[in-house]
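The sequence and the model come first.

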Amino acid sequence: MGRKKRDKLEFRFYEIPQGESVLALCGESWIGTYGHNDICMHFHNLLEIGYCHHGRGLLGLGETEHVYEDGMVSAIPAHYPHITISEDVDSWEFLFLDTEELIRELFPGDPLAQGEALRALNSRADLFPVEEQPEFASTVRKILREVRQKKPYQRETVQRLTQICLLELLRIQRERIDERPLLPPPDLASLNQILPALRHIDEHYAMPIRASELASRCGLSEPHFRRVFEDHISMTPMDYLNLIRIQKACKLMRKTDTSMEIIAADCGFPSISTFTRNFRKFLGTTPYHWKRGGGNLHSPTEYHITAQKGWQTL
């Protein structure tokens, strides 16, 4: 994997489809060669679970490299840099999960349990053969099969299987934490420079946040922080913050009939006019029009965040 560009990272933004519990990337579109035209490492805003049906190559997880083969499963937390480089034509399928939302559903009203679960899930990236974790691998295959077959009650079945999948992964990570100390985060200076800012935004998007505060958390001057952030995310820190806020607002608008003023405030916008202006910027319409359209008119993923959208990178 000597061709890997360790000095460059790409951020890929994913969104769970409306009414679904997981984003599944599966089928013939994901049969191909990996990493030959796209040789920079990348990271996502969601947990990625990959299943290799057929193939062989190298999976770079941070600073470590692992050989993958047929019947192996990967589990990569959000904001963890990685790259896949195949030897030939591979067949992979992927699941993307919003761990924070799923953990809140699994441990309602228990912030301590939620925090412990998230720390365990974000503790490491893993690659293992199916026979090492057969139950987890079986659940992943069931989810992918349900998505492909589209049988009656598919959505409800996938929702339950996704919860089981996350609990099984949580059990795996907790057992590994008990067996040995956590691995240090990947020693990639380019990511580590902005990672504190990304995490702070994801955790505190509803609070007032300034670029100067994010720069301070990263130990950088504000001008340098802005340059590094835009190099990797292809958007300004404030645009990224507002995109995350709009994404959260869309989720609330789909689930509740709460007033726009309250949704705007809950998602960190100081006024309804600021909320509406940013909503129109990212989605090309007003929140009221979007809501009346059933939340199906546009998606935050239509905003150009990186050179390529996450599911168009082969």
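## Aromatic cluster and pairs

Trp30, Tyr34, Tyr68, Trp92 and Phe94 make up one aromatic cluster. Here rings of Phe, Tyr and Trp (its six-membered ring) pair if their centres lie within 6.5 Å; planes under 30 degrees apart count as stacked, over 60 as edge-to-face and the rest as tilted. The model is predicted: local features need pLDDT of at least 70, side-chain atom pairs count only at pLDDT 80 or more, and totals for chains, interfaces and linings use all residues. Residues are numbered from 1 along each chain as its sequence is written, and side-chain values use heavy atoms, with hydrogens and water left out.

The ring rule gives 11 aromatic pairs. One of them joins Tyr14 and Phe96, whose ring centres are 4.1 Å apart with planes at 15°, so this pair is stacked. Tyr14 is in the loop between β1 (5-12) and β2 (23-25), and Phe96 is in strand β10 (residues 90-97), so that the pair links distant parts of the chain, 82 residues apart. Strands (E, at least two residues) and helices (H or I, at least four) are DSSP runs, numbered from the N terminus. Tyr14 is buried at a relative accessible area of 2%, and Phe96 is buried at 2% relative accessibility. Buried means under 20% relative accessible area, exposed over 50%, and partly exposed in between (1.4 Å probe, protein chains only).

Trp30 and Phe94 have ring centres 5.8 Å apart and planes at 75°, so they are edge-to-face. This pair also links distant parts of the chain: Trp30 is in the loop between β2 and β3 (31-32), Phe94 is in strand β10, and 64 residues separate them. Trp30 counts as buried at 8% relative accessibility, and Phe94 counts as buried at 9%.

## A charge over a ring

The charged end of Arg245 sits over the ring of Phe269, 5.8 Å from its centre. The criterion is NZ of Lys or CZ of Arg within 6 Å of the ring centre and within 35 degrees of the ring normal.

Helix α11 (residues 272-283) has 12 residues, which should span 16 Å at 1.5 Å a residue; the end C-alpha atoms are 16 Å apart, in agreement. The expected span is 1.5 Å times one less than the number of residues. Buried residues in α11 are Thr274, Phe275, Thr276, Asn278, Phe279, Phe282 and Leu283. They pack against α9 (237-255), α10 (260-266) and α12 (287-292), where contact means heavy atoms within 4.5 Å.

Helix α3 (residues 134-149) has 16 residues and reaches 22 Å from its first C-alpha to its last, close to the 22 Å expected. Phe136, Ala137, Thr139, Val140, Ile143, Leu144, Glu146 and Val147 are buried in α3. An α-helix has 3.6 residues a turn, so residues three or four places apart point the same way. Lys150 follows α3 and has a positive phi, near 55°.

## Asp202

Which helix holds Asp202? Asp202 is in helix α6 (residues 195-204). Asp202 is buried but has no salt bridge, and the nearest side chain of opposite charge, Lys248, is 6.7 Å away. In this count Lys and Arg are positive and Asp and Glu negative, while His and the chain ends are not counted. Leaving aside neighbours within four places in sequence, Asp202 is in contact with His79, Glu100, Tyr240 and Ile244.

## Salt bridges

A salt bridge is a side-chain nitrogen of Lys or Arg within 4 Å of a carboxyl oxygen of Asp or Glu. The count by this rule is 12 salt bridges. Asp98 forms one with Lys251, the closest N and O atoms being 2.5 Å apart. Asp98 lies in the loop between β10 and α1 (99-106) and Lys251 in helix α9, so the pair ties together parts 153 residues apart in sequence. Both Asp98 and Lys251 are buried.

Lys251 also meets Glu101 in a salt bridge (3.3 Å, N to O). This pair links Lys251 in helix α9 to Glu101 in helix α1, 150 residues apart. Lys251 is buried at 18% relative accessibility, and Glu101 is buried with a relative accessible area of 18%. Salt bridges that share partners join Asp98, Glu101, Lys251 and Lys255 into one network. Asp126 and Arg124 form a salt bridge (3.6 Å, N to O), and both residues are buried.
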